[in-house]
Amino acid sequence: MSIVATAVGAVSADFTPPGVEEFWQPLFGTDGAWAITRPILLSVLSVALISWWLLATTKKKAVVPSKGQMGTEAVYGLVRNGVAKDLIGSKEFMRFVPLLFTMFVLILTNNLFGVVPPMSYPTMGRIGFPVALALIVWIVFHVVGMRKHGFFGYWASLVPSGLPKAMVPFIFVLELITDLFTRPVTLALRLFGNMFAGHILLVLFVTGGWYMLTNGGILVVAGGVTWVFAIIMFLFEILVEFLQAYVFTLLAALYIAGAVADEH
Amino acid sequence: MHAVLVTAEGGDEGFWATAAPIIPHPLEFFFGLATFAILYYVVAKKVVPRLEQIYADRTAAIEGGMNKAEEAQAQAQAALEQYQAQLSDARAEASRIREDAKAQGSAIIAEMREQAASEASRITETAKKQIDAERQQAVVSLRHDVGRISTELASRIVGESLEDETRQKGIVERFLAELEAGEVVREKVGTAPTTGEGGDA
């Protein structure tokens with residue numbers, strides 16, 4: 001027990017757990033607000049990769065698809081039919097499909113960068129990216145809502161019909177906060193938080209395991225176990241990355257559906 | 001908050017390394033928008049139209065295939081009906097032919113039977129005629145022989161010179177004619193056969 005205690009003591013003395021600074025990786029330019037950072041390069045790389053893949057696999061427009069086209073069609077079908085059509089309805093969903101599909105593949109690819117070497121960095125773990133995407137969704141669902149119901153009609157449509165008159169102002173304020181603030185913020189924070197925390201966990205498992213393996217003694221066993229868990233965490237992280245991309249797209253579609261719905 | 005202000009003024013370069021992770025980095029935020037815009041352009045202009053085209057083509061192909069299948073089925077049905085009609089026609093034809101053959105066969109048999117009968121009667125007729133002719137020949141020859149023999153016998157008995165005379169006078173012929181006429185015969189029958197028998201013996 002005392003050995004372990006001293007070992008742990010030694011660890012806490014030398015081992016520095018990964019933190020916020022893990023994500024700060026400026027590569028070019030300044031070290032400040034306009035630094036070109038690793039996630040910026042990764043986001044550009046992701047757009048290049050996705051564009052190339054999508055254009056290459058849909059070039060032939062084959063009725064009987066190749067494997068690549070089949071993969072693209074599966075993802076497209078998931079967003080188009082599984083998300084957009086189901087939530088927005090078959091009448092209006094088609095004009096939002098490009099938006100939702102772009103959201104999904106962009107987030108999914110950048111999330112998967114978190115576990116794929118040599119990228120090994122979840123772009124969405126930097127809040128700037130999820131905020132940008134959430135802002136786009138926020139603007140879109142407000143604009144389509146106002147186009148559909150008119151400026152005042154849209155705000156009025158936030159309150160469900162059939163409420164007692166006394167309740168209306170109260171509910172309106174609540175709905176306004178949800179609509180203007182809660183939805184975009186949670187949309188961005190959910191994605192960011194999952195990617196950020198997941199990456200920190202992975203780094204912790206890997207670096208911690210490595211530290212214990214290299215520091216010998218009884219800790220070698222613990223280090224081995226830690227690395228086994230790191231592998232499990234990697235697999236789990238892939239699931240989370242997919243889920244977060246899906247949830248973000250799903251919620252974006254849900255907000256748009258709410259804005260274009262006839263009855264709120 | 002103070003730190004943010006300082007950074008915005010561009011003073012503290014180390015700020016971003018330890019800044020709270022929920023503070024958006026301006027350039028990253030900008031790239032978040034820009035990368036989305038670029039990808040959205042590609043997807044909206046190229047990828048989605050292509051995929052929708054594929055969907056439409058596939059639907060058309062499937063519907064076309066279904067139409068084709070229906071057509072083929074109708075054709076098969078028509079062919080089946082045709083075959084069945086042909087088959088029943090053929091059956092009728094076959095039974096008709098069988099009937100004809102039966103009738104023809106019985107006609108042939110009757111004809112053959114008739115032919116055989118006429119042939120048989122012809123053969124019988126011919127045989128009878130031949131027998132008659134042969135009998136006639138035998139009668140003629142017998143008559144000649146009997147005449148010669150009896151003449152010879154008589155001439156041996158009466159005298160050899162009688163032969164020529166007898167022949168000249170046709171005695172034998174006359175005798176035989178009388179014999180056939182039957183009047184004279186009876187008186188001499190008793191002697192003549194006896195004589196004949198006696199002559200033979």
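Just after helix 5 of chain A, the backbone does something worth a look: A:G150 takes a positive phi of about 85 degrees. (Helices here are DSSP runs of H or I with at least four residues, strands are E runs of at least two, and both are numbered from the N terminus.) Helix 5 of chain A itself has 22 residues and reaches 32 Å from its first C-alpha to its last, close to the 32 Å expected at 1.5 Å a residue; the expected span is 1.5 Å times one less than the number of residues.

Before going on, some ground rules. This is a predicted model, in which local features need pLDDT of at least 70, side-chain atom pairs count only at pLDDT 80 or more, and totals for chains, interfaces and linings use all residues. Residues are numbered from 1 along each chain as its sequence is written, while chains are lettered from A and ligands numbered from 1 in the order in which they are written.

In the loop between helix 2 and helix 3 of chain A you'll find A:K61, a residue other than glycine with a positive phi, near 50 degrees. For background, most residues other than glycine have a negative phi, and most peptide bonds are trans.

Now follow helix 2 of chain A. Its axis and that of helix 3 of chain A come within 8 Å and cross at roughly 115 degrees (axes are lines fitted to C-alpha atoms, for helices over the stretch in contact, and angles run from 0 to 180 degrees between N-to-C directions). Helix 2 and helix 3 of chain A are therefore roughly perpendicular, the word used for 65 to 115 degrees, with under 35 roughly parallel, over 145 roughly antiparallel and the rest oblique. A:L54, A:A56 and A:T57 of helix 2 meet A:G68, A:Q69, A:G71 and A:T72 of helix 3 of chain A, where contact means C-beta atoms, placed from the backbone, within 7 Å.

With helix 4 of chain A, helix 2 of chain A has axes that come within 10 Å and cross at roughly 125 degrees. That makes helix 2 of chain A oblique to helix 4 of chain A. Here A:L42, A:S43, A:S46, A:L49 and A:I50 of helix 2 touch A:V105, A:L106, A:T109 and A:N110 of helix 4 of chain A.

What about the partner chain? The contact takes 41 residues from chain A and 36 residues from chain B. On the chain A side, helix 2 of chain A gives the most, with 9 residues. The residues of that side divide into 28 nonpolar, 8 polar and 5 charged (Ala, Val, Leu, Ile, Met, Phe, Trp, Tyr, Cys and Pro count as nonpolar, Asp, Glu, Lys and Arg as charged, and the others, Gly among them, as polar).

The model scores ipTM 0.89 and pTM 0.68. Chain B averages a pLDDT of 81, and 79% of the residues score at least 70; pLDDT is the predictor's confidence in each residue, from 0 to 100. In chain B, confidence is highest in helix 3 (residues 26-158), at 91, and lowest in helix 1 (residues 2-8), at a mean of 38. Over residues 187-201 of chain B, pLDDT stays under 50, and the model has 1 contact beyond four places in sequence for this stretch. Where pLDDT is low, the predicted coordinates should not be read in detail.

Notes:
Contact = placed C-beta atoms within 7 Å.
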